[in-house]
Amino acid sequence: MTDQNHYHDIRAQEKPPVIKKKNKAGLCPGQNHYVMIYTRYERFWHWSQAALIFALFFTGLNIHGTFSLISFKLAVTIHTFAAIALIVLWIFTTFWNFTTGQWRQYLFKEGIFKIIRFYAYGIIVGEPHPYKKGLQRKQNALQSLAYMTFMLIVGPALWSTGIIYLLYDLWRDMPYAGVILPIVAFLHTAAAFMIAIFVIVHVYMTTTGKSVLHYVKTMITGYDCVELTEAEEAYIRETQSVSIIE
């Protein structure tokens, strides 16, 4: 991939481009820049996906009888529509990732053991984070691996078993349907709990930034302090392709 195409991918993330002329001296330490690294769509995708997953988990527990805060019929209805909305969101987001080049953010990166060591030991003794976030390096190696697993294995396992379960009336007369159904239900529930574990770990990780709410604020505003190469900074200032507060 050439640098020119690389920057075209950056430009494609959000339009119209804006550089905010606002004095925020001291906002970022050193040579970092306060740059919008998460586009409007990425933030919409993140928060809408989170809301749908919470709705699915809540109604799923209600359907399984863990609690009965709403009626079974209402829980099934909400669960079904939330699942359809999440599948549509994932399909559209997959298309968006490939058309903007953002799929490269999820590729395997080196240094995963340094990241694991940091969260197991370094963060306790106050070591600096071994990964430096950038415009095209939004996720560290551990995040990329987790998101790739989420999108390629756990997510498809969840919605494929959910669709098979939802369409049970169409295949209920097939041989061994009575045996297959519990297996499908088990796999669906297992995938749901794997996503629940992912969400719990994800929420914990949001508290490990510069402050407890640092990463939450970043995912709301889209801005964070990142390093820019000289080529990136020069291109952004010339094209105004990404917002910078300075």
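**Figure 1. Accessible surface and overall architecture of the predicted model.** The accessible surface of the chain amounts to about 15,000 Å², and carbon and sulfur atoms account for 69% of this area. The model is predicted. Of its 246 residues, 38% count as buried. Nine helices and three strands make up the secondary structure, arranged along the sequence in the order α-β-α-α-α-α-α-α-α-β-α-β. Among contacts between residues at least 6 apart in sequence, 74% join residues at least 24 apart.

**Figure 2. Lining of the second largest pocket.** This pocket has a volume of about 890 Å³. Its lining comprises 33 residues, and those nearest the centre are Gly60, Ile63, His79, Gly162 and His188. At least two lining residues come from each of helix 2 (40-63), helix 3 (72-100), helix 5 (141-166) and helix 7 (177-205). By residue class, the lining holds 25 nonpolar and eight polar residues, with no charged residue.

**Figure 3. Salt bridge between lysine 138 and glutamate 42.** The count of salt bridges in the model comes to five. In the pair shown here, the closest N and O atoms of lysine 138 and glutamate 42 are 3.0 Å apart. Because buried means under 20% relative accessible area, lysine 138, at 3%, is classed as buried. Glutamate 42 is likewise buried, with a relative accessible area of 8%.

**Figure 4. Salt bridge between lysine 133 and aspartate 224.** The two side chains meet with an N to O distance of 3.1 Å. Lysine 133 is located in the loop between helix 4 and helix 5, and aspartate 224 in strand 2 (residues 223-226); the pair thus links distant parts of the chain, 91 residues apart. Lysine 133 and aspartate 224 are both buried.

Figure 5. Glutamate 233 pairs with arginine 237 in a salt bridge whose closest N and O atoms are 3.1 Å apart. Both residues lie in helix 9 (residues 230-239), with a separation of four residues, about one turn of the helix. Glutamate 233 has a relative accessibility of 23% and counts as partly exposed. Arginine 237, at 32% relative accessibility, also counts as partly exposed.

Methods:
Residues are numbered from 1 along each chain as its sequence is written. This is a predicted model: local features need pLDDT of at least 70, side-chain atom pairs count only at pLDDT 80 or more; totals for chains, interfaces and linings use all residues. Side-chain values use heavy atoms; hydrogens and water are left out. On a 1 Å grid over the protein atoms alone, a cavity is a set of points where a 1.4 Å probe fits but cannot get out, and a pocket is an open set with protein on both sides within 12 Å along at least five of seven lines; lining residues have an atom within 4 Å of a point. Grid points are joined across faces, edges and corners, and a volume is the space filled by probe spheres set on the points. Ala, Val, Leu, Ile, Met, Phe, Trp, Tyr, Cys and Pro count as nonpolar, Asp, Glu, Lys and Arg as charged, and the others, Gly among them, as polar. Buried means under 20% relative accessible area, exposed over 50%, partly exposed in between (1.4 Å probe, protein chains only). Contact means heavy atoms within 4.5 Å. Accessible areas come from the Shrake-Rupley method with a 1.4 Å probe; for residues, only the protein chains shown count as cover. A salt bridge is a side-chain nitrogen of Lys or Arg within 4 Å of a carboxyl oxygen of Asp or Glu.
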